[in-house]
Amino acid sequence: MKIKSSPHDSARSHVSGRSEFIDDRPRQQGELHVEVLYSPVACGNIDKLDYNTALELPGVVAIFTYKDLDQNLWGSIVKDQPILAEQQVNYVGEPIAVIAAENQRIALAAKKLIILDISTKDAVLNLKQARQQESYMGRTYKLSCGDSQAAMGAAENLITGTFISGGQDHFYLESQACIAYPEENQCLQIHSSAQHPTEVQHVVASTLGLQQHQLVCVVKRMGGGFGGKESQSAHYAALAALVALKTQKPARLCLSKDDDMIATGKRHPFQSDYKAACDKHGRLLALEVDLYADGGAYLDLSPAILQRAMFHVDNAYYLANATINGTICKTNTQPHTAFRGFGGPQGAAIIEHILEEIAQSLGVDALAVRKLNCYQGENISTHYGQLVENNVLPELFAQIESSSSYQQRRKDINEYNKQAGTLVKGLAVTAVKFGISFTTRFLNQGNALVNIHLDGSIQVSTGATEMGQGVNSKIRGVVSDAFGIDVEDVRMMPTSTEKNANTSATAASSGSDINCAAALIACEKIAARLANLAAQVWAKPSTVKSQEEYEVNSEIDTNNVIFSGGQVFDQRDANKTIPFNKLVKTAYLNRINLSDYGYYKTPKIHFDYLTTKGRPFLYYTNGVAVSEVSVDKYTGEVKILRTDILMDLGRLLNEGIDYGQTAGGFVQGAGWVTTEKLFYDDGGKLISHSPTTYKIPNIQDTPRVFNIDFLENNTNTINVRASKAVGEPPLLLGLSVWTAIKNAIHNAGVDDTSKLQIPATNEEIIRILGNAS
């Protein structure tokens with residue numbers, strides 16, 4: 001059964017301006033404003049840091065450095081990054097000191113009075129320099145299947161090259177923000193705009209020398225996250241908490257958009273060397289790829305991101321023989337971090353690029369090459385040994401080809417381009433097969449607390465954090481459906497580490513899967529007790545008045561007790577019914593527990609890092625997209641004329657939310673591959689750090705015609721309500737825009753489009769067109 005589509009739980013408060021974000025919280029008496037002094041250079045030694053004059057400024061309460069910390073290293077995987085720089089700095093934006101003042105004006109004035117002398121050193125600023133200098137972090141990772149070397153030697157056609165995909169800023173509307181409130185006994189309560197409140201709790205405790213039970217992190221909502229607040233929010237929370245603990249005053253730290261963009265990590269830029277072998281029809285026979293990821297100055301989440309990129313090099317296509325290597329490069333830029341897709345888009349982009357190159361070299365339609373290479377049938381393995389179960393990829397390709405009128409439009413575009421003057425059109429289909437689960441096994445767990453109140457209304461607390469994606473709405477729907485009550489009778493509570501401890505980040509597209517499942521487990525335990533009670537009530541004469549009459553009896557059959565429409569009834573006997581809220585009150589009077597805790601861990605997942613084989617994902621979310629673009633041959637301007645998307649999201653939990661996530665993910669992906677270019681100056685400072693210089697998609701950059709549909713698929717019974725995750729997979733379908741641009745450039749007479757990079761900005765398109773003319 002598809003749960004009724006309901007509005008986002010914050011929809012009304014958002015549009016009416018009543019939603020509370022971190023900086024909307026009322027200022028308390030004595031509250032301090034926190035500013036961060038960060039490095040203006042990419043690499044150097046700190047020769048002098050003198051803040052005495054700044055301290056004398058009226059209204060400045062304190063200035064803190066690394067000397068005030070109990071522990072100065074943090075990191076999500078390896079603790080290699082300083083909270084505050086000590087003797088050296090390694091990227092522009094690295095925090096050096098924090099200023100606590102009575103207001104922002106005073107704090108900014110104090111920052112200008114600090115004397116900071118840094119002896120600059122040669123910096124490694126990009127992947128090319130890092131590879132030349134062999135500036136790497138950690139080991140080289142490897143995945144393989146078959147014998148790629150032998151297959152290459154016997155192949156008819158070889159394609160080689162280097163593929164480059166750039167970074168991307170998260171551009172969440174609410175920058176990194178947190179407020180730390182001191183409490184008695186050296187305890188702190190931290191309100192943070194964070195995807196991972198447990199990591200905030202743990203990093204702050206470690207930094208300040210506190211035990212974890214002395215800290216509570218609360219996340220009500222975020223004004224966007226997209227992965228940028230998975231790990232790096234903890235860093236800024238630690239700085240605010242330092243001020244609060246030392247001064248015993250509330251401390252507010254909210255970065256400006258400029259500072260946030262300059263200092264925080266981005267989507268990892270990748271540079272990948274590839275060699276592909278195919279037969280005369282375009283069937284891939286072998287693939288070898290060496291991926292190089294720009295990790296920035298510190299490790300952050302780079303190993304996990306690189307690993308997922310390697311897992312997703314196949315995207316939707318079968319690799320019989322493959323050798324995939326991955327290396328993290330160390331550069332003097334922001335430590336790059338999680339971003340929607342988490343390496344998946346960078347991996348998938350490589351093979352979509354290669355398939356387009358194969359089609360061009362053979363003079364055939366790229367859709368035919370993709371259909372030839374996509375996973376066919378059941379029980380076929382990926383290059384890391386996981387079976388592709390319930391495979392619907394061929395069906396998706398067939399449906400989208402028909403519903404989008406692909407073949408006719410291809411003919412029409414070919415005719416148009418023969419007559420074209422300024423504009424040339426391109427058309428392309430790309431797919432996605434996105435693995436759902438954290439690739440780090442222990443993260444695949446979650447818990448939920450469900451409390452039913454005596455009027456029948458419910459409060460739910462989980463480890464999920466709401467960043468606009470609608471996870472609360474989905475959990476709310478699952479809970480309301482479990483008890484057969486109206487969704488308005490269920491309230492999602494702010495995420496708090498005191499109610500839900502040891503949680504994982506809301507990330508990896510698993511937020512709904514894990515937390516809906518945990519909430520459902522809690523509901524089922526309560527519902528079982530209530531159903532048991534209902535059966536006993538119906539079995540007793542109505543004259544019985546004792547309030548101590550009922551206890552849970554495991555021998556009673558409750559299989560026919562149904563919760564629906566605010567009623568609890570026996571589906572065999574219409575006379576046996578009781579209002580849900582009345583049953584709840586009866587349970588309370590009979591001392592039957594109306595609260596419970598649900599715990600869920602994702603089953604069946606495993607991966608052997610020695611054999612590089614296993615099942616890292618519970619299942620795959622699949623989809624296809626057809627995009628048509630026009631390209632101005634003289635200005636490089638791109639317009640997305642039409643996009644058709646077909647997603648396999650299993651049995652939809654909330655159609656409205658799933659539709660919005662599909663549309664939003666696609667547009668964000670289209671931004672990554674077209675307009676979102678990060679520009680750095682020669683010293684390593686990001687200079688595209690505001691809406692005036694960094695171009696996210698606006699309404700004119702969205703498809704003129706935008707069709708989204710969902711495949712009916714109820715086979716994913718391994719997941720809650722047979723649903724599938726939606727958060728990240730649609731972003732990868734933005735690659736259809738990039739491949740359509742590639743096709744348009746080819747249609748403009750450019751034989752070699754292999755050098756087209758991501759993003760395909762106007763300038764990049766003109767470069768490719770110019771080099772060919």
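Visitor: Why is Thr-65 called buried?
Guide: Thr-65 has a relative accessibility of 5%. Buried means under 20% relative accessible area, with exposed over 50% and partly exposed in between, using a 1.4 Å probe and protein chains only. So at 5%, Thr-65 counts as buried. One caution: this is a predicted model, where local features need pLDDT of at least 70 and side-chain atom pairs count only at pLDDT 80 or more, while totals for chains, interfaces and linings use all residues. Residues are numbered from 1 along each chain as its sequence is written, and side-chain values use heavy atoms, with hydrogens and water left out.

Visitor: Where does Thr-65 lie, and what is it in contact with?
Guide: Thr-65 lies in the loop between strand 3 (60-64) and strand 4 (73-74). Strands here are DSSP runs of E, at least two residues, and helices are runs of H or I, at least four, numbered from the N terminus. Leaving aside neighbours within four places in sequence, Thr-65 is in contact with Leu-49, Tyr-51, Leu-84, Ile-96 and Ala-97; contact means heavy atoms within 4.5 Å.

Visitor: Is Ile-640 buried or exposed?
Guide: Buried: the relative accessible area of Ile-640 is 5%. Ile-640 sits in strand 32, a strand that is mostly covered, with eight of its 11 residues buried. Beyond its neighbours within four places in sequence, Ile-640 has contacts that include Glu-628, Val-629, Ala-670 and Val-737. As for Tyr-51, its C-alpha atom is 53 Å from that of Ile-640, and the two are 589 residues apart along the chain.

Visitor: How do you know that strand 31 and strand 32 pair?
Guide: Two strands pair if DSSP finds at least two bridges between them. Strand 31 (residues 619-632) and strand 32 (residues 638-648) have 10 bridges, in the antiparallel sense. Ser-627 stands opposite Thr-643 in strand 32, and Ala-625 has Ile-645 as its bridge partner there. The hairpin of these strands has five residues between them, and Gly-636 takes a positive phi near 80° in it.

Visitor: What makes the pairing in that sheet mixed?
Guide: The open sheet has four strands in the order 20-31-32-33, and its pairing is mixed. Strand 31 and strand 32 pair in the antiparallel sense, whereas strand 32 and strand 33 pair in the parallel sense over six bridges. Ile-645 stands opposite Ile-708 in strand 33.

Visitor: What makes strand 23 and strand 28 edge strands?
Guide: They belong to an open sheet of four strands, order 23-22-21-28, with mixed pairing. Strand 23 (490-492) and strand 28 (595-601) each have a single partner strand, so one side of each is left without a neighbour in the sheet. The twist averages 20° from one strand to the next. Strand 22 (residues 458-462) pairs with strand 23 in the parallel sense over three bridges, and Gln-459 stands opposite Arg-491 in strand 23. Helix 14 (residues 471-483) packs on this sheet, touching strand 21 (445-452), strand 22 and strand 23.

Visitor: Why is helix 6 called oblique to helix 7?
Guide: The axes of helix 6 (residues 197-208) and helix 7 (residues 233-247) cross at roughly 50° and come within 9 Å. Axes are lines fitted to C-alpha atoms, for helices over the stretch in contact, and angles run from 0 to 180 degrees between N-to-C directions. Under 35 degrees is roughly parallel, over 145 roughly antiparallel, 65 to 115 roughly perpendicular, and the rest oblique. That makes helix 6 oblique to helix 7. The residues of their contact divide into 10 nonpolar, two polar and one charged. For those classes, Ala, Val, Leu, Ile, Met, Phe, Trp, Tyr, Cys and Pro count as nonpolar, Asp, Glu, Lys and Arg as charged, and the others, Gly among them, as polar.

Visitor: And what makes helix 15 roughly perpendicular to helix 16?
Guide: Helix 15 and helix 16 (residues 580-589) pack at an angle of about 90°, with their axes 10 Å apart. That angle makes helix 15 roughly perpendicular to helix 16. Leu-530, Leu-533, Ala-534 and Val-537 in helix 15 meet Phe-580, Leu-583, Thr-586 and Ala-587 in helix 16. By class, that contact has seven nonpolar, one polar and no charged residues.
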